[in-house]
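Below are my notes as numbered points, to be read with the structure open beside them.

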Amino acid sequence: MKKFLNVLFASLFTINIYSGEMNSWECSNFQDAKIYGDDYTYLGKLGPSWMSDSIFNSSSSYSSTWSSDSIFNDSSRFGNTYSSTSVFNDGASNPPKIISDSGLLGYLSVGPSWDSDRYSPYDIKYTCDWD
């Protein structure tokens, strides 16, 4: 019984941190942050879909499936699932950087789950309601 209570107590106070896990109060830190690839290729901004160079603006080349500078082009090195510079390769060694006026916020990447400096574009979009 004592062992059961210890396990229960420990599980109640365990904090899990996952890649891309954001809170809504962090959205203001990410709004207008620029995304840069490994060679400082500009890949757009984070922010609401009405912003002209937002990666969530469906009319922007930065959200297109055809632009080489779009993370959503699965043929580009920033959007495929195998490149070391891709957002969608959870093992990427050098995913795009998220940079605000105050400096590096983290990396735009779907993983790995143990790396708390990586933020998923999907999690950002839905947490901040930027669609």
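1. A definition first: two strands count as paired if DSSP finds at least two bridges between them. With that in hand, look at Leu108, whose bridge partner in E5 is Tyr119. Strand E4 (residues 103-108) and E5 are joined by two bridges and run parallel, so the pair meets the requirement of at least two bridges.

2. Please keep in mind that this is a predicted model. The average pLDDT of the chain is 87, and 85% of the residues score at least 70.

3. Five strands form an open sheet in the order E2-E1-E3-E4-E5, and the pairing is mixed. Which strands stand at the edges? They are E2 and strand E5 (118-119); each has a single partner strand, so one side of each is left without a neighbour in the sheet.

4. For your cysteines, the structure holds one disulfide. Cys27 is joined to Cys128, with an S to S distance of 2.0 Å. The link of Cys27 and Cys128 is left-handed, with -95° about the S-S bond. Distant parts of the chain are linked by this pair: Cys27 sits in helix H2 (residues 27-30) and Cys128 in the segment after helix H3 (121-127), 101 residues apart. Both Cys27 and Cys128 are buried.

5. On to the aromatic residues. The whole structure contains six aromatic pairs. One of them brings together Phe56 and Trp130, with ring centres 6.4 Å apart and planes at 40°, so the pair is tilted. Phe56 belongs to the loop between E2 and E3, and Trp130 to the segment after H3, so the pair ties together parts that are 74 residues apart in sequence. Are these two residues buried or exposed? Phe56 counts as buried at 8% relative accessibility, and Trp130 is buried with a relative accessible area of 5%.

6. Phe72 and Phe88 make another tilted aromatic pair, at 6.1 Å centre to centre and 45° between the planes. Both Phe72 and Phe88 lie in the loop between E2 and E3, and the pair ties together parts that are 16 residues apart in sequence. Phe72 has 22% relative accessibility and therefore counts as partly exposed, because buried means under 20%. Phe88, with a relative accessible area of 16%, is buried. Elsewhere, Tyr36, Tyr42 and Tyr62 form one aromatic cluster.

7. Finally, a look at Ser70, found in the loop between strand E2 (42-45) and strand E3 (97-100). Ser70 is buried, with a relative accessible area of 0%. What lies 2.6 Å from a polar atom of the Ser70 side chain? That is the backbone oxygen of Ser64. Beyond its neighbours within four places in sequence, Ser70 is in contact with Ser61, Tyr62, Ser63, Ser64, Ser76, Phe78 and Gly79.

Key:
Residues numbered from 1 in each chain as written. Predicted model: local features only at pLDDT ≥ 70, side-chain atom pairs only at ≥ 80, totals over all residues. Heavy atoms only, no water. Helix = DSSP H or I, 4+ residues; strand = E, 2+ residues; numbered from the N terminus. Buried < 20%, exposed > 50% of the residue type's maximum accessible area, 1.4 Å probe, protein only. Polar contact = N/O pair within 3.5 Å; in protein donor to acceptor, adjacent residues only side chain to side chain. Contact = heavy atoms within 4.5 Å. pLDDT = per-residue confidence, 0-100. Disulfide = S-S within 2.5 Å. Phe/Tyr/Trp six-rings, centres within 6.5 Å; stacked < 30°, edge-to-face > 60°.
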